[in-house]
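Please describe the fold of the protein shown here, with attention to its overall dimensions and to the way its strands pair.

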Number of protein chains: 2
Amino acid sequence: MSETTTVTDYMETPFTNELLKQMRALDTYDAHAAKTPAETLDPYIMTKERKREIPIVGDPDEITMARVAAYYNALATSIEQRCGLMAVPMIKLTHEGFGRALISVGKLIVLDKTLRDVHRFGFPTFEKMNDQAETLISGALKMIESYTEVAKA
Amino acid sequence: MSETTTVTDYMETPFTNELLKQMRALDTYDAHAAKTPAETLDPYIMTKERKREIPIVGDPDEITMARVAAYYNALATSIEQRCGLMAVPMIKLTHEGFGRALISVGKLIVLDKTLRDVHRFGFPTFEKMNDQAETLISGALKMIESYTEVAKA
């Protein structure tokens with residue numbers, strides 16, 4: 001049921017395209033080769049039904065951690081494309097799924113997130129994922145505009 | 001031989017005191033309880049003789065990684081004490097001992113180091129360790145002075 005919902009909700013945006021590239025880059029075994037974009041990105045969609053099936057406390061597996069990394073890589077690449085300066089993501093996670101993700105441009109931290117419950121990482125819909133990405137990307141670009149000297153340091 | 005050298009070379013400075021505190025905080029089994037400060041900090045001293053005994057390529061063990069973390073914690077605390085703003089260290093290491101260490105104050109990256117060969121992490125002498133720490137701390141403080149608004153963001 002939730003599968004159908006998320007797949008039909010799929011939105012093609014510059015961010016989802018970037019995320020798709022990142023997911024495909026991770027896919028060294030070509031497991032995604034036959035999948036549609038919506039199917040490849042489907043694990044990012046964490047509906048209420050899906051969340052209910054995942055234990056509240058749990059250690060994230062490597063696939064989940066790679067998915068989180070791909071998400072921040074896609075954000076960094078999107079920022080880089082729009083400001084022309086190199087954006088570098090850095091994620092530090094404990095085995096329990098807590099940690100911090102940041103993206104730096106020069107000496108400026110343009111995005112800084114506390115991570116928790118990474119084993120349940122995801123977004124209710126593709127629309128929400130895109131909205132949030134857009135908010136984070138424009139926030140980063142505003143930071144760079146305000147502190148250009150630091151971003152170029 | 002190198003043991004004697006490093007122990008007699010021991011310098012008491014604000015930084016080594018901070019590092020000592022960090023090492024003792026890590027020491028949940030009280031293994032350092034009976035040790036002198038020089039003995040506790042001795043693993044940070046990587047003389048040429050000691051380096052020769054360690055393979056060029058190798059995975060850092062947990063004790064080494066904890067030592068690297070204690071070192072950056074001590075730098076962050078030293079920066080914090082001297083500028084009055086919270087300094088947060090973040091270290092990301094691969095299992096092979098490559099990675100990045102940074103310290104942020106607000107949205108400003110005040111220290112950014114590429115890490116490599118972490119399994120051989122150390123300094124030739126206590127003096128060199130202190131000199132380098134002082135350089136890094138004053139560099140960080142200068143950054144904060146130049147970009148106070150970002151450091152307070």
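## Contacts and overall dimensions

In chain A, among contacts with a separation of 6 or more, 65% are made by residues 24 or more positions apart. The model is a predicted one, and in it 44% of the 153 residues of chain A count as buried.

A compact globule of 153 residues would have a radius of gyration near 15 Å, and because chain A has 16 Å, its value agrees with that expectation. Along the principal axes, the C-alpha atoms of chain A fill a box of roughly 50 × 30 × 30 Å.

## Order of elements

Chain A has 7 helices and 3 strands, and read from the N terminus on, the elements run α-α-α-α-α-β-β-β-α-α.

## Strand pairing

Strand β1 (residues 87–93) of chain A is joined to β2(A) by 7 bridges, and the two run antiparallel; within this pairing, Ile91(A) has Ala101(A) as its bridge partner in β2(A). The two strands form a hairpin with 5 residues between them, and Gly97(A) in the turn has a positive phi of about 90°.

Another 7 bridges join β2(A) to strand β3 (residues 108–115) of chain A, again in an antiparallel arrangement, with Leu111(A) in β3(A) as the bridge partner of Ile103(A). Here the hairpin has 2 residues between its strands, and Gly106(A) in the turn has a positive phi of about 60°. Since 6 of the 7 residues of strand β2 (residues 99–105) of chain A are buried, this strand is largely enclosed by the rest of the structure.

## Surface and charge

Chain A exposes about 8,300 Å², of which carbon and sulfur atoms supply 54%. The mean positions of its 18 positive and 22 negative charges are 5 Å apart.

Technical notes:
Residues numbered from 1 in each chain as written. Chains lettered and ligands numbered in written order. Predicted model: local features only at pLDDT ≥ 70, side-chain atom pairs only at ≥ 80, totals over all residues. Heavy atoms only, no water. Helix = DSSP H or I, 4+ residues; strand = E, 2+ residues; numbered from the N terminus. Rg over C-alpha atoms; globule rule 2.2 N^0.38 Å. Buried < 20%, exposed > 50% of the residue type's maximum accessible area, 1.4 Å probe, protein only. Contact = heavy atoms within 4.5 Å. Areas by Shrake-Rupley, 256 points an atom, 1.4 Å probe, with all protein chains shown as cover. Lys, Arg positive; Asp, Glu negative; His and termini not counted. Charge placed at Lys NZ, Arg CZ, Asp CG, Glu CD. Pairing = 2+ DSSP bridges.
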